[in-house]
Every structure is written in structure tokens, then in C-alpha cells.
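Dear colleague,

Please find below the sequence and the structure that I am handing over to you. My findings follow directly after them.

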Amino acid sequence: MSYNLKLKKIFQICGIVFLSVALAACGNGQAGNGNGNKPAGGAKTRTVTDAVGHQVKVPAHPKRVIATYLEDHLVALGVKPVAQWSVSNGIQEYLQDDLLKGVPTISYDLPYEQVQKFKPDLILINDAGMVEGGKYEQYSKIAPTFVVSKKQNSDWRKELLTVGKVLNKEAKAKQVLADYEKTAKKAKEQLAKNGKSPSAAAIWLVNNKFFIVSKNVSSGDVLYNDLGLKVPAVVNEISAKATSNWNAISLEKLTELDADYIFLINSDKTRATELDNALWKSIPAVKKHHVAEFSANTGWLYSGAIANKEMIRDVLKTIK
């Protein structure tokens, strides 16, 4: 396929079906419990249990953390890692104005030699699949290694709280989550004019192929569950049989989309020839000029308190 490596990695992490690639949900799943106690007195380490049952002795106050693809949580907790997630041509741009600005990159798959070079005192692994085939033992030789989630697609709230426990910032994690819930609640009330919220849909355009988000995961979770926007019939129809986070949808089917607003994540930029198609221009929200377009560099393709707050800001700017 011809789409770039950065999008391919996002597809891989989110499990998104693109042609022959299996699409799986990014939004919901089981996160590791991160059970552990605060260090007694001046203890330098704590023992915590990760998602797959490892008893991990972690620093009481880690200083050199690597937590690839968990950076949204790190930034929210005020933790600057020694290296950040990357693919050959991109990083998580929406976080670069925060603690990640200037942080060296590390390949998304955490090559053993690269990890060793950064001399971490704690390694957080996003999901159990990343440490299969003896990788966990390799990483553990470098630094204490904690697996946050059993599955690749985990609930971001549980994930945030788990990372907070491991980093000895549990109170901060709870506050971050409480602040997010407050922001979402206020926005939901603002959007519900006269007790009736408008309808909306998130659509992703990649390589001139359209995908629409399921209603309970990723940005769908933010739009419909956190903000209370009305679920269009097309989204309900696709979500009822979807096993995926983002689901392929034909342009012909999109003409049936009864959404008041469309949030379009355009990964094709100027190559998006489908946006000149007469069928696209016939979609009700498009005809009303109710389409808000965002690049793949924004938080719409990620999940976490920071990414989701960015989505909420975008929604409030769009729906007046």
C-alpha cells in the first residue's frame, strides 16, 4: 500500500482495517490494574503488579521513563520521558508544545539497542503484545518493565490511572481525570441547546478511502458518550455490526449520513480527490458547509485527556 509509515503505525496501534489489515477498536478494553503501595518511609522502590501478573519493583520516583505511545498520559501527569514514540516520518505532533518538545525519538517498536542507549530507570509497555517472544525478559534486563494493558486497545481512563499509580502520581492522575470529566460535562451542557443536541459524525479520509468511527470508541466515545451528541442512523447501523474502531464506508453510503455536522480528519491533504466528488458534495452536512476539517497531526487520531480535550475544543468551535 502507498500510504505513509506514520499512518500505517497508527493503523497498527488502533487495529484499523485498511483493505486487508484487520481493524480493531482503540477505545475500549481492559487496562492493567497497576496495583501497588506507596513506599514506606524513605524506600527507594515499590512493588507493583502489571497487567499480565509480573511483580515489578519500580523506582519510588522514576527519573528516566520510556513509555512509547503512552505520552499523552505522561504529559498530563507532568512527566517528561527520556525518549518519545516515533515512526520514520512522524511523531505525536499534538503533544509537542508540552513536555515532549525537543525530546529525542525512539522507534515505536522499542528496539532493544535503542532502549538501552537511553538508560531508562523505568519502561512502561503499552500492551502485552509488545513484549511477546522473550522481549519482556530483554527489557527487564535494562530497567524495571511494567505492562500497562493486556490488550492493545485499552480504555484510556483506566490506562491513565494505571500509569499514575506506577509513576507514584495516583492523586495527580485522578485530578487529571476529574478535570477532564468536568470539561466534558460543561461542554455537553453547552451543546444541548433547548435540551436537544445536534447530530455529528467523525470521518477519516486516507488514500481516498473513507472510514467512519464507531459510536463507543475513540472519537466516537468523545462525541456521543462524553458530549452527548446525537448518533446518526448510519453510525448506529455500522456500529451495530462493527468489530472495529474505524470502519470502511463507501462514498455512496456516506450520502445517507443524516448528521448535522461532520468532523473530517483528512490524512490526504491536497491529494483528497474524493472531496471534489459530486457524491461528497451532495451529503447534507457538506451542502450546509457544516464540515470541520482537521489534519492527521491533531489529537483526533489519538486518545487520552489531552487529545480528547482538543477534540472537545474543536467541537465547541464548530457547533455554535
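**The five-stranded sheet**

Five strands make up an open sheet with mixed pairing, in the order β11-β10-β9-β12-β13. The edges are taken by β11 (246–249) and β13 (291–295); each has a single partner strand, so one side of each is left without a neighbour in the sheet. On average, and with direction ignored, neighbouring strands of this sheet are turned by 30° against each other. Please keep in mind throughout that the model is a predicted one.

How much of α7 is covered? The helix spans residues 218–226, and eight of its nine residues are buried. Among them are Ser218, Ser219, Gly220 and Asp221, as well as Val222, Leu223 and Tyr224. After α7 comes Gly228, which has a positive phi near 70°.

**The three-stranded sheet**

A further open sheet consists of three strands in the order β4-β7-β8, and its pairing is parallel. Here β4 (65–66) and β8 (145–149) stand at the edges with a single partner strand each, so one side of each is left without a neighbour in the sheet. β4 runs parallel to strand β7 (residues 122–127) and is joined to that strand by two bridges.

Helix α4 (residues 135–142) touches β7 and β8, and its direction makes about 130° with that of β8. Helix α5 (residues 156–166) also touches β7 and β8, its direction making about 160° with that of β8.

**The nonpolar core**

Which residues have the most contacts inside the largest nonpolar core? They are Leu124, Leu257, Phe263 and Trp280, in a core of 100 residues. With residues up to four places away in sequence not counted, Leu124 touches Val65, Ile66, Ala67, Thr68 and Leu70, and also Phe146, Val148, Val163, Val166 and Leu167.

**The hairpin**

Strands β2 (residues 45–49) and β3 (residues 55–59) pair in the antiparallel sense over five bridges. Thr49 is placed opposite Gln55 of β3. The two strands form a hairpin with five residues between them, and Gly53 in the turn has a positive phi of about 95°.

Ser107 belongs to strand β6 (residues 105–107). The side chains of Ser107 and Asp109 are joined by a polar contact of 2.5 Å. When neighbours within four places in sequence are left aside, Ser107 is in contact with Ser86 and Gln114.

Is Glu113 buried or exposed? This residue of helix α3 (residues 112–117) has a relative accessible area of 57%; the cut-off for exposed is over 50%, and Glu113 is therefore exposed. Along the chain, Glu113 and Ile142 are 29 residues apart, while 9.9 Å separates their C-alpha atoms.

With kind regards

Terms used:
Residues are numbered from 1 along each chain as its sequence is written. This is a predicted model: local features need pLDDT of at least 70, side-chain atom pairs count only at pLDDT 80 or more; totals for chains, interfaces and linings use all residues. Side-chain values use heavy atoms; hydrogens and water are left out. Two strands pair if DSSP finds at least two bridges between them. Helices (H or I, at least four residues) and strands (E, at least two) are DSSP runs, numbered from the N terminus. Contact means heavy atoms within 4.5 Å. Axes are lines fitted to C-alpha atoms, for helices over the stretch in contact, and angles run from 0 to 180 degrees between N-to-C directions. Buried means under 20% relative accessible area, exposed over 50%, partly exposed in between (1.4 Å probe, protein chains only). A polar contact is a pair of N or O atoms within 3.5 Å; within protein, one must be able to donate a hydrogen and the other to accept it, and residues adjacent in sequence count only if both atoms are side-chain atoms. A nonpolar core is a set of buried Ala, Val, Leu, Ile, Met, Phe, Trp, Tyr and Cys residues joined through side-chain atoms within 4.5 Å.
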